[in-house]
Amino acid sequence: MNLTHFFLENREQIVELTLEHLWLVGISTLFAVLIGIPLGILSAHRPLWNKPVLGTANIIQTIPSLALFGFLLPVPWLGDRADRLAILALTLYALLPVIRNTYTGIRGVDPAVLEAGRGMGLAGRQLLLQVELPLALSVILSGIRVAVVVSVGLATIAAAIGAGGLGEFIFRGLAMVNNQLILAGAIPAAILALSADFGLGWLEKRLRPQ
């Protein structure tokens, strides 16, 4: 049986696992954005928070993925549901690029532009929402793009704890020494990562200040 025939015969299961994979990546990226952008803004505006926030995110990034899953398994509410555990782990891994790029984007805004905004009567939240974030948006989106691509790859490992996704094919194929099963998980995951990278990269260029 060739690979194309295998994909056609198992298309329903491939689609189902791809949707599970997208769910894990999508919800974890959303949480990372909701947490990471405010932390990046805080780090940019409060220098004392910079090292603790980025340092913690860096430490999390250095923990091997399977080890992090193992650390989180004993937590009662998380350990009961593999998908919850996987989403939390993926969220933690996605935080660093979001926080770092938000910090870089905010700090990279031209002080002269900020001063002009203050001269127009903007202060505090208005300056952030109307000047800093719009100018930093393409840099922030670059961090989100990195977070999504990393999450697509790491989500395959979530199958090791029963969280579903395309990693199920990969782990099953490794156990059975079946290349078709491995490729059934690896090819859609690679397509998802490349599509996210291309789509978000295009959007990033469109939003880059001229």
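**Helix packing in a predicted model**

Visitor: Which hand does the crossing of α3 and α6 have, and what makes it so?

Guide: The crossing of α3 and α6 is left-handed. In this predicted model, that name applies because the near helix is turned anticlockwise from the far one by less than a right angle.

Visitor: How do you know that these two helices meet, and which residues make the contact?

Guide: Contact requires heavy atoms within 4.5 Å. On α3 the residues that qualify are N50, V53, L54, A57, N58, I60 and Q61, and on α6 they are L92, Y93, L96, I99, R100 and Y103. The axes of α3 (residues 47-62) and α6 (residues 82-107) come within 8 Å and cross at roughly 145 degrees.

Visitor: What classes of residue make up the contact of α3 with α6?

Guide: There are 9 nonpolar, 3 polar and 1 charged residues. Tyr counts as nonpolar and Arg as charged.

Visitor: Which residues of α4 are called buried?

Guide: A residue is buried under 20% relative accessible area. In α4 (residues 65-72), S65, L68, F69 and L72 are therefore called buried.

Visitor: Why are they said to lie on the same side of α4?

Guide: They cover an arc of only 100 degrees around the axis, and so they are on the same side of α4. On the other side, L66 and F71 are exposed, a term that requires over 50%.

Visitor: How many helices and strands does the chain have?

Guide: The chain has 10 helices and 0 strands. Of its 210 residues, 42% are buried.

Technical notes: Residues numbered from 1 in each chain as written. Predicted model: local features only at pLDDT ≥ 70, side-chain atom pairs only at ≥ 80, totals over all residues. Heavy atoms only, no water. Axes fitted to C-alpha atoms, helices over the stretch in contact; angles between N-to-C directions. Helix = DSSP H or I, 4+ residues; strand = E, 2+ residues; numbered from the N terminus. Buried < 20%, exposed > 50% of the residue type's maximum accessible area, 1.4 Å probe, protein only. Arc of directions from axis to C-beta.
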